[in-house]
Amino acid sequence: MKERILLGSVIVYTVLSRFWFIGKFPILITSSSLPFRFLTAFLSVLGVVFLYWYTKAVFGDKKIAVLSAFFLGSLPWSFEQGRIASPPSNTMVILLFLLFAASQKRQLFFKIILYGCIPLILFFFYPQFWLFRTNLNSFSNIHVLQNLFILLSPDLLFFHNITFWWGGVREAGVLYFSLIPFFLIGIYQLIFSKQRRIFIWMILILIFSAASPFFPESREFFLILPFMCIILAKGICTFMSQKTIWVKWSGMFLFFIMIYEMMQFFHYYTVHYQQQVKGN
């Protein structure tokens with residue numbers, strides 16, 4: 001019952017954060033794009049639910065599932081992409097549902113069929129995916145190793161997200177700075193667990209993102225966000241399982257820092273982001 005109430009609160013927050021003044025922030029270039037914003041916002045809310053189902057199915061832990069859903073609903077990049085007409089955000093939601101459906105099937109044959117649908121989903125929901133709009137000449141501009149270092153750099157992950165060049169809240173990283181300890185703990189815990197298979201999906205997304213001829217003017221890396229949310233949730237649950245005074249006080253300290261970062265992000269989103277869109 002407690003997890004249901006928490007999940008309901010997460011869904012309510014996600015609904016409010018996605019639909020609140022959706023036609024005003026960011027400013028509309030043309031009024032015809034407003035219905036597509038509503039579609040993305042609606043799917044973004046569904047994505048929170050799908051991630052909860054998928055995480056619960058894979059980990060069998062409601063706490064990790066609720067925390068994963070919360071982070072997908074509240075992280076800067078998810079918030080920003082969930083309020084515009086965003087093919088990457090829409091595609092991420094469909095892929096989450098596909099992963100959840102695959103987690104419910106024990107037969108390898110059905111899993112292969114579901115995973116085989118991923119290219120079709122990308123083609124129909126994310127036609128801007130770089131594999132569908134490139135040619136042989138574009139591959140001469142690829143710097144995979146350099147791009148990998150950029151995508152894995154602490155600056156991009158926790159301070160400045162440059163992977164959405166047109167507008168975008170560049171003053172915030174993919175994750176909040178206060179979440180660094182939990183992110184590292186989560187990675188360590190998952191490496192030595194049976195659920196480390198999520199790293200396979202993360203590595204594939206990372207490689208495809210780094211191999212884009214249009215990097216950083218592409219958003220394929222956005223698809224990795226749900227798995228980062230799972231890592232954060234695993235790290236927090238592991239951290240909070242240590243019943244010591246030091247853990248309680250340090251956890252509370254990091255929580256207040258995250259609240260401050262969220263407030264700072266909202267300021268950048270409602271003020272600076274608007275100016276960037278107008279300028280572009």
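Helices (H or I, at least four residues) and strands (E, at least two) are DSSP runs, numbered from the N terminus. The model is predicted: local features need pLDDT of at least 70, side-chain atom pairs count only at pLDDT 80 or more, and totals for chains, interfaces and linings use all residues. Residues are numbered from 1 along each chain as its sequence is written, and side-chain values use heavy atoms, with hydrogens and water left out.

**View 1. The fold holds 13 helices and zero strands.** Along the sequence the pattern reads α-α-α-α-α-α-α-α-α-α-α-α-α. The C-alpha atoms fill a box of roughly 55 × 50 × 35 Å along the principal axes.

View 2. Buried residues (under 20% relative accessible area, 1.4 Å probe, protein chains only) make up 50% of the 280 residues. The protein exposes about 14500 Å² (Shrake-Rupley method, 1.4 Å probe). Carbon and sulfur atoms supply 71% of that area.

**View 3. A nonpolar surface patch includes Leu 120, Phe 123 and Phe 124.** Nonpolar side chains (Val, Leu, Ile, Met, Phe, Trp, Tyr) are joined within 5 Å, like charges within 9 Å. Together the members have about 890 Å² of accessible area. Helices α7 (118-125) and α11 (198-210) each give two or more residues. α7 gives the most, with four.

**View 4. Phe 124 sits in helix α7.** Its relative accessible area is 61%. Phe 124 therefore counts as exposed (over 50%; partly exposed lies between buried and exposed).

Terms used:
Patch = residues over 30% accessible without salt bridge, like charges linked within 9 Å, V, L, I, M, F, W, Y side chains within 5 Å. Salt bridge = Lys/Arg side-chain N within 4 Å of Asp/Glu carboxyl O.
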